[in-house]
Structure formats: structure tokens, C-alpha cells
Amino acid sequence: MDHQQITLRNAIPEFNEGIYFARYLNSAAEGFFRFMLGRRYEEIIAKAYIQPHHDLSYENLIFAELDGIIVGMFSGYTAEQHRLASKRVLKDAAGRWNVRMLIVSVVFAPLLRIIDSITDEDFYLQAIAVETSLQGKGIGSKLMNSVEDLARKRGAKRLALDVSAKNANARQLYERRGFSIESTWPKHFSIRAFEFHRMIKQLD
């Protein structure tokens, strides 16, 4: 596929775009958001997406399009953006599903808190995803190039991400992009399904 056919653009605060984001985010997180929020996860995330100043906001997204159709995205932010982000937006969007979200948040607290560990020199890649039927066509590479460019513009010295320890294919893909494993967490989980690697790439 010719990279010139792929266009990247900033996300806009529209509910329908939020649905795309929710699907990609859940896919990148291997189903975690559907597990946490239930069958209405797309609607809940889309409601949060259109609001500013939080981790799941449209402000942190870039979409990839092919012939005007969304085919992929990435979301990411600096440590400062994360510190200043509202923690209420997703909870408010979930509404009566707060109980389910609260239970999952408590049980998986060691996993969720790891994002708070990103340093001031890091740009954190929260999620990157491409339509399954178009994977291997260069869209992911173009998105990753854009992530690195944005991270440098934001003054980051490193690009950071978390990947499931059981997802060897993703880990190897990131290693080919120059990432290396910095740590594995959480330290006290013995179940590999809930083990993650923090991967880091130094930016020139």
C-alpha cells in the first residue's frame, strides 16, 4: 500500500468518532475496556471521548484514514498531561455502571496505577490499533512514525508503552522499532495473563 494514500489527522469531538476510538482502544487493550465497562463500553467511552482534559479525550488522538475512512489510530500523552487529566470523566460517562467500574478498578489497581509511573521525560503511547484486514499494509508504521514525531515536539526524551507479556508478536514488533523492556509489572502477580512489560525507546 502506498503510504501517500494514508492520511493522518487530529481527532475531533464527535460521538461517532468516539465509537471508532472505543473499538480500537478495546482491541489494543485486548478486551479490557469491555470487561471493565460491560456491553455498553463503546457508548461510555464515546461519551468520555468528546470531553477535553483527560486520558481518553479526543485531544490525545490521531486517526489514520484511507480514502476518507478511519482505519486506525493512536492515542498518547505526556506525563504532565496525565497528571493534569481529570479522573472523573470516564466515571461520569459510565453513570450507573460505576459499581462495575469500581470493582474492576479496585481488583486491578496494581495494573491501573502503572500509568502513573511515567516520568517527565516520557511520552506515553496509550494505544495504537489498525483495522485487522489492513494490518501489515504500512498503516501501523506510519502511525508509529507520527507518534515519535509528536513525542519529540512535546519535548519527550523517551517513548513509553505497556504490552502484555503474553503478546509476543506485539513485543517483537516494538523491539524491531527500537524499543526494549525496561521493567515487568506488577511484581506480585503470578498469573502471566495479568503481567505486562514497560517498553522504552530513546528518542534522538
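Colleague: Is Phe33 buried or exposed?
Modeller: In this predicted model, Phe33 has a relative accessibility of 13%, so the residue counts as buried.

Colleague: And what about Phe32, buried or exposed?
Modeller: Phe32 also counts as buried, because its relative accessibility is 18% and the cut-off for buried is under 20%.

Colleague: How many aromatic pairs are there?
Modeller: The count comes to seven. One of them joins Phe32 and Phe33 in an edge-to-face arrangement, with 5.9 Å centre to centre and 85° between the planes. Another is the stacked pair of Trp185 and Phe196, at 5.0 Å centre to centre and 15° between the planes.

Colleague: Which strands do Trp185 and Phe196 lie in?
Modeller: Trp185 lies in strand S6 and Phe196 in strand S7, so the pair ties together parts that are eleven residues apart in sequence. Trp185 is buried, with a relative accessible area of 7%, whereas Phe196 counts as partly exposed at 21%.

Colleague: Which residues do ring pairs link into a cluster?
Modeller: That cluster consists of Phe21, Tyr49 and Tyr58.

Colleague: Turning to the sheet, what is the strand order?
Modeller: The sheet is open and mixed in its pairing, with seven strands in the order S1-S2-S3-S4-S5-S7-S6. Strands S1 (6-10) and S6 (180-185) each have a single partner strand, so one side of each lacks a neighbour in the sheet. On average, neighbouring strands are turned by 30° against each other, direction ignored.

Colleague: In what sense do S5 and S7 pair?
Modeller: Strand S5 (residues 158-164) pairs with strand S7 (residues 196-202) in the antiparallel sense, over seven bridges. Val163 has His197 in S7 as its bridge partner.

Definitions and conventions
Residues are numbered from 1 along each chain as its sequence is written. This is a predicted model: local features need pLDDT of at least 70, side-chain atom pairs count only at pLDDT 80 or more; totals for chains, interfaces and linings use all residues. Side-chain values use heavy atoms; hydrogens and water are left out. Two strands pair if DSSP finds at least two bridges between them. Helices (H or I, at least four residues) and strands (E, at least two) are DSSP runs, numbered from the N terminus. Axes are lines fitted to C-alpha atoms, for helices over the stretch in contact, and angles run from 0 to 180 degrees between N-to-C directions. Rings of Phe, Tyr and Trp (its six-membered ring) pair if their centres lie within 6.5 Å; planes under 30 degrees apart count as stacked, over 60 as edge-to-face and the rest as tilted. Buried means under 20% relative accessible area, exposed over 50%, partly exposed in between (1.4 Å probe, protein chains only).
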